[in-house]
Amino acid sequence: MYLYIMKYPIFNLIITVFLLWLTIQIGRSSEEYLSYFFILTIGIMHGSNDISLINVLKTNKKRSYKFLLIYIAFVIFAILAFFLFPFFALLSFVFVSCYHFGEQHYHHLMKKRNTKSLLFFISYGSLIFGLLFYFNYDATSAIIYELTNVTLSEQQFLYFLIIGGGATILTTLLNRTNFTSEFNYFQELFLIVLFTLLFQLASLLWAFAIYFVVWHSLPSLMDQIKMLYGDSSKINFINYIKSSFIYWLVSILGLVMLYLSTKYFDINFITIFFAFLAAITVPHVIVMYFLNKN
């Protein structure tokens, strides 16, 4: 049985509407449990096969080892950055994530990759994060303060949202001839309205989990399976899970160790959790950049 339905926005849309309904029905504690479950399974899994993707991208064995060393170096650097330069590290993570979210959402709707498309990816990702942060500014501000000792106001989050929204409109106009025929302006506008409603009703973690898993991780999984195995059949989906399982397990064990460490430090686990995601995001973004470029 083929999993081709996952490549269509209608599938993601139906799941999102269902999760919006579920958000109204369940409490905050249930949202938290579901968030961690989906992020730790599908979310982390979609970034656990980077080593295999590096092997696909390599031109020779020597270059493969070079990519691997750079990948490991970026993970270590990201971890150290959060200890040595926390505010800079956080800003870098948000900026890179803005680009990464926008790229995954729209790379298949661009005729060619250029500066204008790159600016659009960053702008759209900024809009998504702006909505997420502004409608959950209390929780967002608390995490930022724990990581950096910097306090941001609701107004500052609003400015970020306005800049992201304005930049998205501008870069959409700049790319109007670069979008493929599959790009639907009304559909994209409807999605923004849907995300706005969802982010208002859901907690920060749950809202992030829904977008991260449904609109980012699942489409990315399908892209990676096609790159590695040729198509997204059931057997190839299973092969993907098998090949990425050991890296996924290492990531989970690392997170468990971080969780245990929170008992000895005055810091909430959700703060450690987002720092952990940041550390593994940067090298993954680099791999996916070259994957989508090719």
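What follows is a set of questions and answers about this predicted model.

Q: What makes up the secondary structure of the protein chain?
A: The protein chain has twelve helices and zero strands. Followed along the sequence, the pattern reads α-α-α-α-α-α-α-α-α-α-α-α.

Q: How much of the protein chain is buried, and what does its accessible surface come to?
A: Of the 294 residues in the protein chain, 47% are buried. The accessible surface is about 15,400 Å², and carbon and sulfur atoms hold 70% of that.

Q: What share of the contacts with a separation of 6 or more joins residues 24 or more positions apart?
A: In the protein chain, that share is 77%.

Q: Why is Phe83 called exposed?
A: The cut-off for exposed is over 50% relative accessible area. Phe83 has 70% relative accessibility, so Phe83 counts as exposed. Phe83 lies in helix H4.

Q: Which residues make the nonpolar surface patch, and which helix gives the most to the patch?
A: The patch covers about 870 Å² and is made by Ile72, Ile76, Ile79, Leu80, Phe83, Leu84, Phe85 and Phe88. Helix H4, residues 61–84, gives the most, with six residues.

Q: How do you know whether Ile128 is buried or exposed?
A: Buried means under 20% relative accessible area. Ile128 has 2%, so Ile128 is buried. Ile128 sits in helix H6, residues 115–134. Leaving out residues up to four places away in sequence, Ile128 touches Ile192, Phe195, Phe199 and Tyr211. Ile128 and Phe101 are 27 residues apart in sequence, with their C-alpha atoms 8.5 Å apart in space.

Q: What makes Arg28 and Glu31 a salt bridge?
A: Side chains of opposite charge can pair when their charged atoms come close. The rule asks for a side-chain nitrogen of Lys or Arg within 4 Å of a carboxyl oxygen of Asp or Glu. Between Arg28 and Glu31 the N to O distance is 3.1 Å, and their side chains meet in a salt bridge. Both residues lie in helix H2 (residues 28–45), three residues apart, which is about one turn of the helix. Glu31 has 2% relative accessibility, so Glu31 counts as buried.

Q: How many salt bridges does the rule give, and what makes Glu103 and Arg113 one of them?
A: The count comes to two salt bridges. The side chains of Glu103 and Arg113 meet at 3.0 Å, N to O, and the cut-off is within 4 Å. Glu103 lies in helix H5 and Arg113 in the loop between H5 and H6, so the pair ties together parts that are ten residues apart in sequence.

Q: Why is Thr171 called buried?
A: At 6% relative accessibility, Thr171 is under the 20% cut-off and so counts as buried. Thr171 lies in helix H8, residues 154–174. Apart from residues up to four places away in sequence, Thr171 touches Leu119, Phe120 and Ser123.

Q: How do you know which of the two labels, buried or exposed, belongs to Asn136 and which to Asn149?
A: Asn149, in the loop between H7 and H8, has 61% relative accessibility and so counts as exposed. Asn149 also has a positive phi of about 65° although it is not a glycine. Asn136, in the loop between H6 and H7, has 9% and so counts as buried.

Terms used
Residues are numbered from 1 along each chain as its sequence is written. This is a predicted model: local features need pLDDT of at least 70, side-chain atom pairs count only at pLDDT 80 or more; totals for chains, interfaces and linings use all residues. Side-chain values use heavy atoms; hydrogens and water are left out. Helices (H or I, at least four residues) and strands (E, at least two) are DSSP runs, numbered from the N terminus. Buried means under 20% relative accessible area, exposed over 50%, partly exposed in between (1.4 Å probe, protein chains only). Contact means heavy atoms within 4.5 Å. Accessible areas come from the Shrake-Rupley method with a 1.4 Å probe; for residues, only the protein chains shown count as cover. Patches are made of residues with over 30% relative accessible area and no salt bridge: like charges are joined within 9 Å, nonpolar side chains (Val, Leu, Ile, Met, Phe, Trp, Tyr) within 5 Å.
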